[in-house]
Amino acid sequence: MEKPEYHILVCGSFRGAEAKGVCHQKSSLGLLPYIESEIVDRGLDAMVSSTSCLKACDHGPVLIVYPQGDWYGSVDEEVADEILDALEEGGKAEAHLI
Ligand code: FES
């Protein structure tokens, strides 16, 4: 298995078997297909996955980029674009870090 250069985690708000948290209420799971599509369009060596609640609900929707370990808050498609733009340039979307 080849490991991607970047792993993007999007909070899916799962607590037990159900997505119940703030990020889900703010449509975080809708970001998954959008980011997946952008990764392909941009040719990024990245994968995106959903997670359980990341315990940063006040900042939701929350997204983390590894290996940098950068946490972003209030992520919508526009912010996701800024994060992906920054990744392409080898940087961070500083304005959205939490
Ligand atoms: S529901 Fe996303 S951080 Fe808690």
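# Questions about this fold

Q: Among contacts between residues at least 6 apart in sequence, what share joins residues at least 24 apart?
A: In this protein the share is 57%. Two residues are in contact if their C-beta atoms, placed from the backbone, lie within 7 Å of each other. Please keep in mind that this is a predicted model, where local features need pLDDT of at least 70, side-chain atom pairs count only at pLDDT 80 or more, and totals for chains, interfaces and linings use all residues. Residue numbers start from 1 along each chain as its sequence is written.

Q: What makes up the secondary structure of the protein?
A: There are three helices and five strands. Both are DSSP runs numbered from the N terminus: a helix is H or I with at least four residues, and a strand is E with at least two. From the N terminus on, the order is β-β-α-α-β-β-β-α.

Q: Why does the radius of gyration of the protein agree with that of a compact globule?
A: The radius of gyration is taken over C-alpha atoms, and the globule rule is 2.2 Å times the number of residues to the power 0.38. For 98 residues the rule gives a value near 13 Å, and the protein has 13 Å, so the two agree. Along its principal axes, the C-alpha trace spans about 35 × 35 × 20 Å.

Q: Why does Ser-13 count as buried?
A: A residue is buried if 20 or more other C-beta atoms lie within 10 Å of its own, exposed if 12 or fewer, and partly exposed in between; the C-beta atoms are placed from the backbone. Ser-13 has 25 C-beta neighbours inside 10 Å, so it counts as buried. Its place is in strand β1. Of the 98 residues of the protein, 29% count as buried.

Q: Why does Ser-27 count as exposed?
A: Ser-27 has 11 C-beta neighbours inside 10 Å, which means that it counts as exposed. Ser-27 is found in the loop between α1 (22-25) and α2.

Q: What makes the phi of Ser-13 and the phi of Ser-27 worth a look?
A: Most residues other than glycine have a negative phi. Ser-13 has a positive phi near 65°, and Ser-27 has a positive phi of about 70° although it is not a glycine.

Q: Why is Ser-74 called partly exposed?
A: Ser-74 has 14 C-beta neighbours inside 10 Å, so it counts as partly exposed. Ser-74 sits in the loop between β5 (70-72) and α3 (77-88). Leaving aside neighbours within four places in sequence, Ser-74 is in contact with His-59, Pro-61, Val-79 and His-96.

Q: What makes up the largest nonpolar core, and which residues have the most contacts inside it?
A: A nonpolar core is a set of buried Ala, Val, Leu, Ile, Met, Phe, Trp, Tyr and Cys residues joined through C-beta atoms within 7 Å. The largest one has 19 residues, and Ile-8, Val-10, Val-62, Leu-63 and Ile-83 have the most contacts inside it. Two or more residues come from each of β1 (6-15), α2 (31-42), β3 (46-52), β4 (63-66) and α3. The largest share, four residues, is from α3. Setting aside neighbours within four places in sequence, Ile-83 is in contact with Leu-63, Val-65, Tyr-72, Ala-93 and His-96.

Q: Which residues make the contact of α2 with α3?
A: On α2 they are Leu-31, Tyr-34, Ile-35, Glu-38 and Arg-42, and on α3 they are Glu-77, Ala-80, Leu-84 and Glu-88. They divide into five nonpolar, no polar and four charged.

Q: Why is Glu-88 called exposed?
A: Glu-88 has 11 other C-beta atoms within 10 Å, so it is exposed. Glu-88 lies in helix α3. Not counting residues up to four places away in sequence, Glu-88 touches Arg-42 and Leu-44.

Notes
Nonpolar A, V, L, I, M, F, W, Y, C, P; charged D, E, K, R; others polar.
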